[in-house]
Amino acid sequence: MTEEALPALLIAVPILGATLPLALGLVRQRIGWWVATLVLAVEAAMASWIAYAVYIGGDRITHILGGETFGRKEVTVGSFDTEGFIVGIELVADALSGLLVALIAFVSLGVLAYARRAGPRQNTFYSAYLLLTGGLMGLVLTGDLFNMFVFLEIVGLMTYALVASDRSAASAVAALKYLVIGTTGASMYLVGVGYLFVRTGTLNMVDTSRVLAGEPEWLEVTGALYTEPLVVASFGFIAVGLATKTAIFPLHTWQPGAYSEAPDSVTVLISALVSTTSAYALARITWVVFTPEFFAVNVKATEAILVLAALSVVIGSVLAAMQQRVKRVFAYSSVAQFGLIAMAIGISVHPAATDTATRFAVYGVVIHLIGHAVIKGGLFATVGAIKKSTGARSIDEYAGLATERPVLSGTLAVLGFSLIGVPPMIGFVGKWYIGLAAVKAELWPLVFVIFASTLLTLLYVARLLEKLYFTPLSETTDTAQEPAVATDGRGSVSFGMVALAVTAAVLAVGLGFMGAELTDAIDPLVDAIQESSPEVHQ
Amino acid sequence: MTEAVVTDIRPLAAVLVSAVSVVLIVASHRYPNIRESWSILAALTKFGLIASMVPGVLDGTEYEASLGEFVYGIEFALKADALGMIFALLASFLWIFTAFYAAGYMRGLDEGNQTRFFAAFAASLSAAVGIAFARNLLTIFVFYELLSVATYPLVAHDGSKEARVAGRKYLAYTFFGGGLLVLGGTALVFAMAGTTEFGATATHLADSNAALARAAFGLLAAGFGVKAALMPVHSWLPDAMVAPTPVSGLLHAVAVVKSGVFGIARLVLEVYEPQLVGDLGVGIVLAIVAAITLTVASIIALRADRLKRRLAYSTISQLSYIVLGLGLVGPAAVAGAGLENVIKGGLLHIPAHAFMKLTLFFCAGIIHVETHTDYISEMDGIGKRMPLTMTAFGIAAAGMAGIPLVAGFVSKWFILIGAVQASQSAFAVVLLISGVLNIAYFWPIVYGAFFESYDSADSKPLVEGPLGGHSPKQAATDGGSEQDPGGDAESHDTHVEEGHHGGPGDGGWDRVGWTGDEGSWLMLGPILLIAAGAVVLGIVPDAAVFLQLIEDVAQGVMA
């Protein structure tokens, strides 16, 4: 067996595995966790393998579903044969998707250690969990625009289910809100893809990109299609759809509710992965389907992204600082952080961006995507563990907890400072590249927003840390700890829960020193974008 | 002089040694004696490591340690050169005494959270030495930010409302300076020069757009200026005095504030280099800001009644001497005269001020521990109760005012000469005025301590009287929020109401002999040793290693 089967297996294994908890549940109760752990351990092994093949081996691994009958077809133009479209769904593991595959595999495995004690424990939960993982894998591996919509929907549906999985009224409302807005977003995306298909006749990303550039000789196209209204509109729909899923202001309204009402384990998982993969999708389509050449003639599209992203950074941070519940603070913080990422996507294709600016912006996108996933996942894990062990949910209830929970408080401090962008942690590295890209592109208002975002993040992180460490234990905390919690919930933090939080903190620091390795890994992607090439070759 | 660059682990080890001690300190939180001995051991090891590089550095060797590429095109690298050595040697040397003093102080007051305190203290020293040895702008920024993070728990240590507000302000100011200004400036320099390595950027910057080069200089100078407490971004420093006194002493008179000054030194001497600083006309701006700061801060100090607050304003003023010296580098380079003197004066004031101000703070601390007196108006006659302390205080205060035979004189003299040589005599006048103001705010303390008694002290119109004939309330509203003397008076009142027993109590101060019965030797010893150091620096500046290092720096810059 060669690596070529891996992309398909990475998607198929968790989806097929999702049936097992239900089936085995007939025999034994609460077997879901074991099944999920087994399946995701296999998944992590395969993800490591594919990451090794992509980054060390330098391959671009593609897999076309459906076997021999599908694949790239020949067409006859006049008297000679030439390459036609790919028929069927192509899966691609390259320098961009490889990192995300590894991230998804390891985060979803790690969160299981957390969920073991934190629950929920029904078998159905673990079926949904595995389906979500499969959907996320598909989303990052697919090389087909319509197929991406399918996975977007799988991810969406499973997230709705998981958010509501503790069956409380509040989470049901949050899930419903997410369902309505999320499905609208996905539909927008589908409309955009439909427009593209109408104009280009293909759904494969590489082929779409080539047709847009006017490359294939056998198509009777007179040059690039970038200025055609249908193509421009399709980018608009796709961008709005994916921005909704990523929770960019003003399309973020589903997100704080979903994050804060979901069970803690689910919050960790979706905060680390769901918006991340949607942002990845936006980046991928921007870079390899539309390519910088599209944005060179459609400057307005870039500017719209940049304005919304900047607003997202500022408003997200301010809203975060205004929240009382800690989970909501960090939920709004994600709006701001994904604003930064969207901004970097915009800068990377901005006509003012030089080659170096594009390079730094791409570095910024990928590193901040990964860094944010680690930091935010770790923060929600910490917050969940603190809630479980002390009952504290609001900032006021955090007063003086540092003496009671030194390890979790320390974790929160490290991750918080990493989120602010204190060097040498990973949060800094991403921000540095994004800021540097804006400087290189000489987009001064953005430079200001990016560097000022440090202070905006400080607003809410410092508030929390001050409560934790320097505010004496208040009366409110004592009353908040109801007897029921004290006997059942309090003090029942498992090793796995703390370990996940601490691991995230260690990674946040450790990855900061891996900046050079990460950028080396992304370099092929940078080259591809700079050449507006639809394929990322090593 | 043999010019050589050697790869050596010692700069890195010097940074890491106190970082490792943080772990040990936290681990031994149950055993205070072992915990404090880790601090002292780390201080000694750190100083030993740094001192062992001094002979080599004096011979022109530079010790380098690199952790490899940190971000694209920039290494995470350390380098022990003459300039960095000044700051590193100073911080690590004074940490030894502070480690003892802090143990005595924290125990004397029975403070809470001592483990966190000592751990954060050690971490701060790591960051400070990292700043000293950073080889490029990004590395210095890394440690600059870490220093902000590590010192925050020390400022907010007390956990009281006042301490939390001060901590909040501290974080806001330092992150504004670091994360926004310094980082922005670093990014600009990197974008223009393609490198941030010290000593390698000036030629590229000279070829760049002059407006952008000025903007980058402004961002970096302002960013470092926040920690150097240049006006108008100084007001975190008086508020940070709410921290325990060893923190005010070593960090807010030496390590933290000097990291800002040191950053400006690197910026002026190695990132832009004197000629470019002069050509761009940014040096003179820096000098003007410094001149305003040093005058205004001295005037505000006149009215501060709380001793630590007066010392803080004195620090703001004295730091600006250094910045003034560095700012004058620009005009001096253009004029072609006085360059060596302003560099020497500015840099020599770094150790000079450190020795003197640390003495003063330690005196304030021991007075607080022994007598719970914080206000100058309650200190009349305290020379009877604390003779050795107040003698040390008097010596250090004399140095601050620039009286010969104490450290402060030499450095001020160099700046003065340099300013005249560079045809910037206006700054020489400012320096002289500030000397008078220094005497005006220190002499009453010394005079009151030794020549007055608590019952029959003269009135102190400057401190107690209303400003310019207003009623105190109006003075408070007029005085602005940051530097308001009225606010000082208010907090004084609440202080008394809280029932702290400041002042001597009934019957005046007890008389204590000159044999050291006035307080714990853990605190008294360091005070006397550091005061002696200040005198040594003043009488035989050539014997102390600092001046040699500074001459190396000056020669390197001139070459």
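The exercises below, each with a worked solution, go through chain B of a predicted model.

Residues are numbered from 1 along each chain as its sequence is written, while chains are lettered from A and ligands numbered from 1 in the order in which they are written. In this predicted model, local features need pLDDT of at least 70 and side-chain atom pairs count only at pLDDT 80 or more, whereas totals for chains, interfaces and linings use all residues.

**Exercise 1. Find how many helices and strands chain B has, and what percentage of its residues count as buried.**

Begin with the elements, which are DSSP runs numbered from the N terminus (helices are H or I with at least four residues, strands E with at least two): chain B has 23 helices and three strands. Then turn to burial, where a residue is buried if 20 or more other C-beta atoms, placed from the backbone, lie within 10 Å of its own; by this count 63% of the 559 residues of chain B are buried.

**Exercise 2. Work out the order of the strands in the open sheet of chain B, and how they pair.**

The three strands have the order 1-2-3, with mixed pairing, where two strands pair if DSSP finds at least two bridges between them. Strand 1 and strand 2 of chain B run parallel and are joined by four bridges; in this pair B:Thr7 has B:Glu64 of strand 2 as its bridge partner. B:Glu64 also stands opposite B:Lys79 in strand 3 of chain B. Strand 2 and strand 3 of chain B run antiparallel, with six bridges between them, and they form a hairpin with two residues between them, in whose turn B:Gly73 has a positive phi of about 80°. Strand 1 (4–7) and strand 3 (74–80) of chain B each have a single partner strand, so one side of each is left without a neighbour in the sheet.

**Exercise 3. Identify the strands of chain B that helix 2 touches as it packs on the sheet.**

Helix 2 (residues 32–58) of chain B touches strand 2 and strand 3 of chain B, and its direction makes about 110° with that of strand 2. Contact here requires that the C-beta atoms of two residues, placed from the backbone, lie within 7 Å.

**Exercise 4. Describe how helix 10 and helix 14 of chain B are placed against each other.**

Two packed helices are described by the angle between their axes and the distance between the axes. The axes are lines fitted to C-alpha atoms over the stretch in contact, and angles run from 0 to 180 degrees between N-to-C directions. For helix 10 (residues 245–280) and helix 14 (residues 339–371) of chain B, the axes come within 8 Å and cross at roughly 170°. These two helices of chain B are therefore roughly antiparallel to each other, a label given to angles over 145 degrees. Residues that make the contact include B:Lys258 of helix 10 and B:Lys357 of helix 14.

**Exercise 5. Find which element gives the largest share of the side of chain B that touches chain A.**

In total, 29 residues of chain B are in contact with 29 residues of chain A. Strand 2 (61–71), helix 5 (137–155) and helix 6 (161–193) of chain B each give two or more residues to this side, and the largest share, 15 residues, comes from helix 6 of chain B.

Methods. Parallel < 35°, antiparallel > 145°, perpendicular 65-115°, else oblique. Buried ≥ 20, exposed ≤ 12 C-beta atoms within 10 Å, placed from the backbone.
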